[in-house]
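Welcome! Please take a moment to look over the sequence and the model below, and then we can walk through a few parts together.

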Amino acid sequence: MASLADVYKDKERTNWLKAWLAIDIAKSGLEHLADNEAQNFHRLIYSHVGSSCTSCTTANVQHKKPCPRKICDQVYQKIINEHRYNSLSWKNTSAQLWQTNYWEIAKCYFPPDGYAATSSIRDTDFNGVISFMLNCKRFDSSMSFPITTGKPTTRTSACLLYKAREIGKAVRHSSVMKVTDVELLDYFTTLSNLLNDSCYLIGDSDAQKAVKELEELKKDTLLLTTAEMICLLEAVDATLKKRLKDVVDTSLNELRDNTALCIDEIKDYIDTWNQSTETSYKKSCEDKLPKDVQQLDEKATTLFYKALKHGKEQVNNIRLMVVGMFGVGKTSLVNNLIWEFRNKTHTKQPLSTEGIDIHRCKLMTDGDWCLDTELIRVKFGDRIEKVVSKNTVTATEDHETFKERIALHKGDEILQHGIKVAKRKLETTSLDESTNEITTSLDESTNEITVSVWDFAGQTLYYSTHQFFLNERSIYVVVMDMTRSLKDIVSKSDGIGIWCGLVDSCTYLDIFKFWLNAIHMNSDYQSGERTIKPNVILVGTRKDKMKGSAEEKEENMNLYFDNALCSFDKHSPIFNHIYKNRFLVNNLCPEDSAFAELRKEIISLATKQDYWDEEYPVRWIHMEQTLDKMRDKKRQIVKMKDVEKEDLENLHPLGIEELTLFLELQHKQGNIIFFNSGALKDFVVLAPQWIIEAFKCFIPHNQKIEATVLKDWEEYKQYAILKPNVLDEVMKNSPPYIHEYRSAVINYMEYLNVIAKPLTSEEGITGIPLDFHIVPCLLSRAPPPLHIFTSPPDKPQTPVLAFVFCGKFLPPSFFHRLVAVCIRAWPICQERGQYCLFNGLAIFTLNDTYTLRIWYMDYIIYARIVCCSENEQLDNFIWLFQEVRRKLKKSLKDFFYQSSSVFEECIQCPDMKVSLHNEGLFIVKKFKYTNAIACRVCNPHAVTRSNAMKHWFKEKLDRIETDDD
Ligand SMILES: Nc1nc2c(ncn2[C@@H]2O[C@H](COP(=O)(O)OP(=O)(O)OP(=O)(O)O)[C@@H](O)[C@H]2O)c(=O)[nH]1
């Protein structure tokens, strides 16, 4: 709210501003009467002339050109008949609009010109309105005094309408822009008297509201909203601008500057106010602002806050990830946790899990979990009911519109249920007998906690896709079979080669470490900014097969896990993830109390996580429900267009921007897969299994292959070359929900770097994508003696660049994905007509003489650039080395959804003749503080900063040396 007194310092100027406002107020008081009369007059005219004509122009009518339908001349005559002085304002009106807009007829009574563009009373100024009333005789019966524009004489006083028009003129055309106190008082009196006229206006609510406002303005108690103030000042400013065009007047100039300044100040004030309320609102939400949202850009967070303002709610969904080796008993454990599966009221596939099975569960009051599908009605009904009861939905809407929109959703059972419950609650203070049924069902789910149980397939074949779904918003149950020794080798039949890369034997301990490392790596705790809260529960199965008493079994289970954990480094951050309580179960005994205890611990652990109680916009409930409904119809992937259509069906559509944000957050939280880029933004993957299914199609198993394709199929199995006819075969053998989305499948696989099209390398056409793909995770050919590739003798070559992964953990899929990135970036090197792509090593052609070699072992990815021409000077291509390094580093970073780095960049001793795995590696960062570091592997010598960095890190080296100077 703002006061007029704040605008100008000069009292008479303030009076002038007040007079200006008084005129506006008076106009608003006359609007109802004038507008009504204009409508009545129009109706009357057309009730006499009958039909209509929109073809005659004002000029035609004015020059008495006969109307072809004999309409307009009659209307014209009627207008003239009602004019007090017969001097109509033809310039302002358009005869063609007379029939459709009554205000066009009213405009005939306005001043001679200046009103052609106005089309209603709202955009007509005081002078226009008052002239209409003065000139049109139809107002005679609305006023208690004779209407005359005559000046007052000794015998007659001036008519109030005339006096009011004179005030308007005096104020708007004042050359000094000042009004004395006496004049102002007189203005108030005249305008109030007019608005209080006993004939009609005294009983008109608009007129009386204006009288009240004039009184407040007079007493200086009228407060304007900032919007009103701006409106007033802008009108003043526009008038001043117009006036300044005609006369150069310094005092006017000054006044205009002052007005403009004042407008700016008010706008600034509004901005600051808005910002401060926004900031304080943001502050009030910040505590509960989901971390995923905090990481978004300014625009997205603002959108999120806006959505929150329409109502928010705490979302407490536990993602429970059950992981472990094939056949350890994960599915059996999940079955024992969920009521329906335990009690066999729901058929569950007894087969080995393929990909991931996800079960959405609801927490019952007794602590048990039951499938959410049966309670979905209650779940959403309850949540919407809460919102409707709190009135947050209706707050921003007019009640009638809200009702209409609800009616549109008659078929929405869940919404109608929620509204019905809400209505009853609103209508009755205490719930009577008839609501028992509802309250009972609501009671069952009073707790808002939901659990999504993810049962991961244990077969290593799937491991390279599982990583997409691991995130820190999960509680993990890592399951180990207590009858298998940690040292036992995992059987090859599990497709172990695919994940092991260069490692040819894999133990149960390796699998255990793989999962814990993967959990840690995908938890964004690497940067060490936040403390890790335990989120992993260790569970041992086959208790019944263990020897000894119950205590001994328990003791052995603890020993087993202690041994497994001891294989990590002493200071490994992995330990912080592990929950102190472990569980030993016999899955064949569903009534074992261990399952209830495990459920309890899972909930308790989840409630301690940072993401617990985070708040989300309530209007996202419906969208969440929409996705669930689509899932329930067994739809695994949907077109974005369909999601948008469904959104529009919702009571509170999110709109495309908010919908995209909603989907991006759902993706971050692992509930769906949605990439807001390229062709992929046209799809939403509702069931993560779909991606795994799509991936699985590319893994050769016992498919039946057409004889015509057999040769290429063999080439695919041996060299991972996926020709179009093999791709057709892969698609043909896939289920309908995969091959019907063929192009989406290919797009996703390319985006996730599972497949990549190689580039041409022939002279003149280098760098054009070929028409087939390579599937790096299928590369099984062992490289011939590794050192020949990594350290070719007598060739100019860069030192070896190494990306050493933290926690000594690198899933092989990372290397495969990096190979895919390189395949897209540079042509693959060929030797005797064969691609130089092996299991764990790949060579690319950078230009005529340089090749890039990348390979990996354990947790280190290596890269080296080699020149085939012996006399070449490496120095000429330093820029190329920088470019390659940046590309490799960026790609590896992009494989994680987290901000912090999970690897360290190192340089291997440049003097090392043959590159040795994990030997002579120097962390590049260390050269920032020292000029040389001793190499303890080669003959004792020092590796200088310059030698270590001049190839791969030239830019960094230059910066450090400049700083040193
Ligand atoms: N004796 C005994 N058998 C068990 C136990 N847990 C699981 N099994 C059996 O082990 C076999 C495999 O169990 P699943 O639950 O399918 O194993 P999984 O880990 O889900 O297997 P994948 O889904 O293929 O990774 C089944 O025949 C189970 O009955 C247990 O605690 N004791």
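## The chain as a whole

Among contacts in the protein chain between residues at least 6 apart in sequence, 69% join residues at least 24 apart; a contact here means two C-beta atoms, placed from the backbone, within 7 Å. This is a predicted model, in which local features need pLDDT of at least 70, side-chain atom pairs count only at pLDDT 80 or more, and totals for chains, interfaces and linings use all residues. Residues are numbered from 1 along each chain as its sequence is written.

The protein chain has 36 helices and 24 strands, which are DSSP runs numbered from the N terminus (helices: H or I, at least four residues; strands: E, at least two). Of its 965 residues, 38% count as buried, meaning that 20 or more other C-beta atoms lie within 10 Å of the residue's own.

## Strand β21 and its partners

Have a look at β21, residues 903-908, where five of the six residues are buried. Strands pair if DSSP finds at least two bridges between them. Strand β14 (residues 801-805) pairs with β21 in the antiparallel sense over five bridges, and Leu801 stands opposite Ile907.

β21 also pairs with β22 (residues 921-923), again antiparallel, over three bridges. There, Cys906 has Ile923 as its bridge partner.

## Helix α33

How many of the 14 residues of α33 are buried? Twelve are, among them Pro812, Phe814, His816 and Cys822.
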